[in-house]
Amino acid sequence: MKMNNSNKWDIHAPLAARLRPQGLDDFVGQKHLVGQGALLRRLIDADNIPSMVFWGPPGSGKTTLASIIARLTAAEFVNFSAVTSGIKEVRAVMERAETTQQWGKKTIVFVDEIHRFNKGQQDAFLPYVENGSVILIGATTENPSFEVNSALLSRCKVFLLYGLTNEDIQQLLRRAVDRFAYDMRVVVDISDELVAILADFANGDARIALNTIEMVLNSADITDGRASITPELVQQSVAKKLALYDKKGEEHYNIISALHKSMRNSDVHASIYWLTRMLDGGEDPLYIARRIVRFASEDVGLADPNALLLAVAAYQACHFNGMPECGINLAQAAAYCALAPKSNALDAAYAAAMEDARRLPTLPVPLTIRNAPTKLMKELDYGKGYKYAHDYDDKVTDLQCLPDNLAGKTYYNPTNQGREAKIAETMKKLEELRQNDK
């Protein structure tokens, strides 16, 4: 393969640096953004980019895209690190950008890991982005809806990057092999099967792919100008595959959502799988336990009241046992909730009642069910006409307990699932008794 030497890297530089693309034609992946005719490609080619945020998983090409823009743009390009730069540095660059703008030249500021900037640091950018002094490019692995100030985010176009496909990673690995062979003046023997194993290990992360293949290539025995990559060497390099789970990031929300929805769909196998993914990724077991407790009322409710008891017991078990012992307790609770009859009738009742409570927060309590601890209250008819349920054979009366404006309103409508079928019969009977008491 003929190598492009327009950028002459030291052969001792990291392989990822030697492979960094010089333009969009060399960029691997994200065709929906930089393929021929795609929006971002047109903006970059025209050197007319807006303020924007690149949001995607590690190794998806966010920083590489920024480096391509830096190489192609006629604007002043400033590279910021959210880890090492403070408000003082931000303001100094912003003021310099205003001066540069007066001379008719744009300033592009790239902030890697923008989610690491605190609110004050992000606010320092806002007036300069608003008045056009700078074009901001932020890169983040976190959901910008949570990590970037809404005022700043509203002035940026968010471009979503995806993890690279297996085919993308294999293409990148082949390029890396060719680059190594070219720089070291050797022939590299590596089978398609081993390339596929390395691509699978990378799990869509170009950085992992390049670091791993570099380790493999540097460890290979070179004899008579040939480097032979053996299955044993590859196996040693991929012996431990790290879990894709960031307990403080986007994947955290994705996987807890997967657990919740798997239980809701009564899929016990998926429920246990997503539970173990979270625990293996280092999630706090008490957080998972709290979510299962919530689920037991929100999605099971009175269809099986034991779900809440078991969920609370699992939470307590997490306190007693800790990890890894409490994992099986959580698995029991998740499996029970997945297999339990489902009803959101209680959750719907709570939400409807809360809506009325907030919409009509000052409705008076009916006089008949008010306490009358003083003589004046009794004279004002507090408690007048109250019917004591225990004085009646069926322990129910036609007493109106809702405010007048909501009289007759129903909130809880049980389903026919599990115990709620019996509850529905009970409620029907109680309503008949109330009607007979009138």
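The model is predicted, so local features need pLDDT of at least 70 and side-chain atom pairs count only at pLDDT 80 or more, while totals for chains, interfaces and linings use all residues. Residues are numbered from 1 along each chain as its sequence is written, and side-chain values use heavy atoms, with hydrogens and water left out.

The structure holds zero disulfides, a disulfide being a pair of cysteine sulfur atoms within 2.5 Å. Cys 326 is in none, and the nearest cysteine sulfur, that of Cys 318, lies 3.8 Å away. Cys 326 has 0% relative accessibility and counts as buried, a term that means under 20% relative accessible area with a 1.4 Å probe and protein chains only. The sulfur of Cys 337 is too far for a bond, because the closest cysteine sulfur, in Cys 318, is 13 Å from it; Cys 337 is also buried, at 1% relative accessibility.

Leu 172 sits in helix H9, which covers residues 166-184, helices being DSSP runs of H or I with at least four residues, numbered from the N terminus. Leu 172 is buried as well, with a relative accessible area of 11%. Apart from neighbours within four places in sequence, Leu 172 is in contact with Val 28, Ala 206 and Leu 210, where contact means heavy atoms within 4.5 Å. By comparison, Ala 349, 177 residues from Leu 172 along the chain, has its C-alpha atom 54 Å from that of Leu 172.

Notes:
Buried means under 20% relative accessible area, exposed over 50%, partly exposed in between (1.4 Å probe, protein chains only). Helices (H or I, at least four residues) and strands (E, at least two) are DSSP runs, numbered from the N terminus.
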